[in-house]
Amino acid sequence: MMKTVSSSPHVHDSLSTDKAMLYVTVALLPAAVWGVWCFGLRALVVLAISIASSVLVEFLLGKVAKEKTLSDFSAVVTGLLVGMNMPPAVPLYIPVIASAFAIAVAKWTFGGLGANWANPALAGRIFVFFSFTSQMSTFSLPRTLAAVDAVSSATVLSTVKTAVSAGNASMMSFDQVLEAGGTLSTAFAEKVSSLIPFLSPYEVDAFFGNIGGCIGEVSAFLLLLGGLFLIAKKIITWHIPVVYLASFAVLSWIFGGTPRGLGLFSGEILLPLFSGGLFLGAFFMATDWVTTPTTRKGQVIFAVGCGFFTFLIRYFGSLPEGVSLAILLMNIVTPTIDRYVKPKKFGYLKPEKKTEVK
């Protein structure tokens, strides 16, 4: 009786690429919708243009290569992530350029889905950030604090970074720096803070999303819910996001106060965690299947590296935010991590050393 032996994989899972991408889209939607509510229809236009540009470039390149590419929804996820990483008032040509770079350069140049060395949305965001730094650093206050079209504001991280650079944050906590800079807090945050004394109003606003920032990064709460949804659906595991956030939090606590002259073990934990793109990066970009190590040990090393570089850039670099660059740097060393952190082969025995008998 003839038997046919096919190539691997021999064990298949019901989870397909298109289903996984749909789950990621669903997980991102609450934070994206909140961003639209906070920043108005302009934010919706930015998201729509980012997604449309990403899908269009994917479609055109698929036509050239004679491949069907849109059915896996990966272009939709890339476009959505690009849009969520944009300031609400960004000129509309910037998300177009970011999406085109993400698909054409970061993804297709290296062989398409599964062959890219960096998260495409992350690469697109970094490309336009350094190309259009001023436009990518102009943020609007959410409607919970002020009229969106009338007021522009620095983020929590840029406010603190500016004060530290100017020497105006000596012996001051994050809250004191923000108060001195005229940063507003909502009535809701004041109420919650009065009920939970260890939470400041700024930490409450940062957690729920009543702060300035990029469209999809402001609500740590909704991003956390989306991340937990992906973990429950087994799209991602907890190792990278938890270790990433924990390593950053520990470093912030130990060394975060030193730039402000507060010494060791005096840095804040919650406000730096909730601010910026840390939750968006930890759950949705650092967990990319293709660009992260394949083993659990490798993923832990990868996440610790992300936490370290994010801390280093935020506190001691010239940029207020370091999530995107930190993940990109660790994407570069992913093949090296995989090379040196290998599972032991089944049945493999380490060869014994030969001893010379004299």
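**Cavities in the predicted model**

I will start with the second largest cavity: α14 (278–284) and α16 (323–340) each supply at least two residues of its lining. Keep in mind that this is a predicted model.

How many cavities are there overall? A search of the whole structure turns up two of 30 Å³ or more.

Staying with the second largest cavity, its volume is about 60 Å³. Its lining is made up of Asn85, Arg125, Glu217, Gly277, Leu280, Gly281, Met285, Glu321, Val323 and Ser324. If you sort those residues by type, three are nonpolar, four are polar and three are charged. Among the charged ones are Arg125 and Glu217, and Leu280 is one of the nonpolar ones.

Now the largest cavity. It holds about 160 Å³ of space. The lining has 13 residues, and those closest to the centre of the cavity are Val160, Lys161, Phe174, Arg314 and Tyr315.

Which helices contribute here? At least two lining residues of the largest cavity come from each of α7 (156–165) and α15 (296–316). α7 gives the most, with four residues.

As for residue types around the largest cavity, the lining divides into nine nonpolar residues, one polar and three charged. For the second largest cavity, to repeat, the division is three nonpolar, four polar and three charged.

Notes:
Residues are numbered from 1 along each chain as its sequence is written. This is a predicted model: local features need pLDDT of at least 70, side-chain atom pairs count only at pLDDT 80 or more; totals for chains, interfaces and linings use all residues. Side-chain values use heavy atoms; hydrogens and water are left out. On a 1 Å grid over the protein atoms alone, a cavity is a set of points where a 1.4 Å probe fits but cannot get out, and a pocket is an open set with protein on both sides within 12 Å along at least five of seven lines; lining residues have an atom within 4 Å of a point. Grid points are joined across faces, edges and corners, and a volume is the space filled by probe spheres set on the points.
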